[in-house]
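Have a go at each one before reading its solution.

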Amino acid sequence: MSTMSEYVGFDSKRFVRGRFEALIGVGITIQKSKFEEFKEVYNNFMKELFNNNNIPYRRPIYKSYDLKRLFFSQGIHPIEDFVKETKGLIDFVDFYYSYFKNKTMDQKDDETKDKITDFIDVYYNAPKGKQTVSAIKFMNIIEPTYPAICVWSFINSNPLKCDADFYIDNFKALPSKMWNELSNIKTMNVVYSGGKCNYLVSAADLYLCCIEDRIREGDVPLNRSVHKILHPDFTGKFDTNFVGTHYLYPLAPASKSEISINSKILHPIYYIFTEGSEIFSKTFGRKGGEQTFLEQSPFLDKVLSIAAKENGSVKFYDPTQDNSFILPSDKFYYYGEKGKEKIETLKRLGFTNEISTAENI
């Protein structure tokens, strides 16, 4: 168990402006002594936002995507208000950005002094040997890993904080020097559906959305000019970190073989057992879409609410990979007969996890 007095939540996304593309991320540091107050302010803000605008308030935690989908069409822009409401409880904001220049990149003047990086070696330990890829291809390769890269950069800049409790949205890990270093961190918690059931991951997502919106509105270059949009709210409590060409070697994946991060996953996991695309399309007259359908249902909102309260994760059950990592503390949820049948099969195989239906949550 960590003895550090801080929580740090991370999230990341792709940034596109014309032909210029980058990866951006945020780390939000909150003192553990302030965390309960932060949750209370977060909950009150969301409850008031939904109730005042006559939209059902069905779970405590929301992603920026959800808030934009629900409110922007009504001309309501709550993300700036969220930052203003919570910024006094945030101890520090770390902003990360990465891009790798090529000759065709349509960038703003002086995005950075970084040199051209047309070709990058990857998969240097792969059985069939290394590949050389373009800058944009390299960014595509590391994008699924970028939340972890932000954590790695944070620890490199703050080595005395390597025992802080880190919460990070689910990501994919490929073998690399970066991952070799990061995998030793015992206090890293990877959260399935983190932006919808974890206060720290959601805060990072919302703050990142706010910063991105400010960059776009001010047409600010993606370099240390970002300081001027952070100064008004976070003077002395922020930093910007360019993770660029200087870090190519530690970031470059050694092979294509994805590394399991199951030892880092936050439990309990609340597994959702679906009906399957065939049953769903018969019921609703269309193919696929079951997960999106469930994500807008009171059923999933209730499961996400429980996970938020119990500091857990929410995941759609995958029979090809989940069985080896189900713990007794994990719970099973279903809403239809096919989901029930899947759980009955697991029971016959010896799983004794608690089971709930959509009706009895």
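Predicted model: local features only at pLDDT ≥ 70, side-chain atom pairs only at ≥ 80, totals over all residues.

**Exercise 1.** Work out in which hand α8 passes α9, and how the two helices pack.

*Solution.* Residues are numbered from 1 along each chain as its sequence is written, and side-chain values use heavy atoms, with hydrogens and water left out.

Next, the geometry. Helix α8 covers residues 199-217 and helix α9 residues 227-234, and they pack at an angle of about 125 degrees with their axes 10 Å apart. Helices here are DSSP runs of H or I with at least four residues, strands are E runs of at least two, and both are numbered from the N terminus. Axes are lines fitted to C-alpha atoms, for helices over the stretch in contact, with angles from 0 to 180 degrees between N-to-C directions. α8 and α9 are therefore oblique to each other (under 35 degrees is roughly parallel, over 145 roughly antiparallel, 65 to 115 roughly perpendicular, the rest oblique).

Last, the contact (heavy atoms within 4.5 Å). From α8 come Y207, I211, R214 and I215, and they meet I229, L230, D233 and F234 of α9. That contact splits into six nonpolar, no polar and two charged residues (Ala, Val, Leu, Ile, Met, Phe, Trp, Tyr, Cys and Pro are nonpolar; Asp, Glu, Lys and Arg charged; the others, Gly among them, polar).

**Exercise 2.** Describe the largest pocket: its volume, and which element gives the largest share of its lining.

*Solution.* First, the volume is about 690 Å³ (the space filled by probe spheres set on grid points, joined across faces, edges and corners). A pocket, on a 1 Å grid over the protein atoms alone and with a 1.4 Å probe, is an open set with protein on both sides within 12 Å along at least five of seven lines; a cavity is a set of points where the probe fits but cannot get out, and lining residues have an atom within 4 Å of a point.

Then the lining: 28 residues, with K63, D169, S193, K196 and E295 nearest the centre. α2 gives the largest share, five residues. By class, the lining has eight nonpolar, nine polar and eleven charged residues.

**Exercise 3.** Which residues line the largest cavity?

*Solution.* The lining consists of I141, I142, T145, I149, L174, S176, M178, L251 and P253. Seven are nonpolar, two polar and none charged, around about 60 Å³ of space.

Notes: Left-handed = near helix turned anticlockwise from the far one by under 90°.
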